[in-house]
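Please walk through this structure with me, moving from a helix to a pocket, then to pairs of charged side chains and to some details of the loops.

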Amino acid sequence: MRKGSEKVGFKPFPIGVDNFKEMIQEGYYYVDKTLLIKELLDMRGKVNLFTRPRRFGKTLGLSMLQCFFEKDYCDARKLFQGLEIMAAGEKYLKHISRYPVISISLKTMKQANFDLSYIQMKKMIAEEFGRHEELLKIGKLTEEEKERFLAIRDVKGTDADYLDALRFLSACLAKSYREKVIILIDEYDVPLENSYFGGFYEKMIPLIRSLFESALKTNDSLEFAVITGCLRISKESIFTGTNNFVADTIADERFSSFFGFTDEEVRKLLENTGNLEYFDWIKKWYDGYCFGKTEIYCPWDVLCYLNKLAFESES
């Protein structure tokens, strides 16, 4: 494989890397999906749900959004230098590093019973409160708000505290920074699918509904939210009454190219790594998806195959 890569400089393939900052800073090969930012800003959906199969870059996509939008999270202009969003114009760049961001993943809620899932939810929320504990020093929160913030952060809050914890954190962030909040939720369907097969779905649904409705429906501090998962859970179950709700599935076209690799992206990847001779082979075995009207390859399969070629060439 390396026979052609010396011309452009070899970059390692990001097998299992789903952190955008790590991917760019450590020099992994990155297939540019940053125009997802432009599409989200153009569409202006308040709550955006993306459902795609596993290993199609959903977590990486949310990490990329966090890096672009979150205030004081990273040196975003340096991190995104040379990527497509930076040429999209000031209309979009004015949003860079502008917003407070809440970023959570529900994957740890995959547990054997409801009680364990609930405990993991509280720990996950507490960790995100801890990530924003600078709010306690800014001076905008009341003593009562600080007390509740600390209780949630230290996993000592009441059940009621956690049911609307995302809305409360949003309000604290908006109040402190005078800017509305972006909420990113990854693997939203994990506790629901797990509880369905585990026999405690009827207990899980009210919990997730309360968490989401307070954050996404009755939240004046919300700029917009992006939610990802593998399954489409009916809107009536957990998104009841959510305004300006946009659900994008594999049947839809607008965002079809932002999760997974397109035909053009695979060809470019092979050209840049000296592997263009394998294009027909990869197309035959891994071009098995169609999102909207777009042919899509599974990134995991393509990268694992190229990594295998790299290993074999060194042997």
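Helix α4 is largely enclosed by the rest of the structure, because 11 of its 12 residues are buried, where buried means under 20% relative accessible area, exposed means over 50%, and partly exposed lies in between (1.4 Å probe, protein chains only). The buried residues of α4 are K58, L60, G61, L62, S63, M64, L65, Q66, C67, F68 and F69. From its first C-alpha to its last, α4 reaches 17 Å, close to the 16 Å expected for its 12 residues at 1.5 Å a residue; the expected span is 1.5 Å times one less than the number of residues. Helices (H or I, at least four residues) and strands (E, at least two) are DSSP runs numbered from the N terminus.

The model is a predicted one, in which local features need pLDDT of at least 70 and side-chain atom pairs count only at pLDDT 80 or more, whereas totals for chains, interfaces and linings use all residues. Residues are numbered from 1 along each chain as its sequence is written, and side-chain values use heavy atoms, with hydrogens and water left out.

A pocket here is an open set of points, on a 1 Å grid over the protein atoms alone, where a 1.4 Å probe fits and with protein on both sides within 12 Å along at least five of seven lines; lining residues have an atom within 4 Å of a point. The volume of the largest pocket is about 1300 Å³, a volume being the space filled by probe spheres set on the points, which are joined across faces, edges and corners. Its lining comprises 46 residues, and D18, K58, T59, L60 and D186 lie nearest the centre. At least two lining residues come from each of α4, β2 (101–105), α7 and α17 (299–314). By class, the lining has 22 nonpolar, 12 polar and 12 charged residues, with Ala, Val, Leu, Ile, Met, Phe, Trp, Tyr, Cys and Pro counted as nonpolar, Asp, Glu, Lys and Arg as charged, and the others, Gly among them, as polar.

The next topic is charge pairing. Side chains of opposite charge can pair when their charged atoms come close. Across the whole structure, a search finds 19 salt bridges, each defined as a side-chain nitrogen of Lys or Arg within 4 Å of a carboxyl oxygen of Asp or Glu. One of them joins E193 to R54, with the closest N and O atoms 3.6 Å apart. Because E193 lies in helix α12 (residues 190–198) and R54 in the loop between β1 (47–51) and α4 (58–69), this pair ties together parts that are 139 residues apart in sequence. E193 counts as partly exposed at 27% relative accessibility, and R54 is likewise classed as partly exposed, at 47%. In α12, by contrast, V190, P191, L192, N194 and S195 are buried, and the helix is followed by G199, whose phi is positive, near 90°.

The loops hold the remaining details. Most residues other than glycine have a negative phi. V155, in the loop between α9 and α10, has a positive phi near 55° and is partly exposed, with a relative accessible area of 37%. R178, in the loop between α11 (165–177) and β3 (181–186), also has a positive phi near 55°, but counts as exposed at 70% relative accessibility. K33, placed in the loop between α2 (20–25) and α3 (35–43), is buried, with a relative accessible area of 10%, and its side chain reaches the backbone oxygen of G260 at 2.6 Å.

Conventions. Polar contact = N/O pair within 3.5 Å; in protein donor to acceptor, adjacent residues only side chain to side chain.
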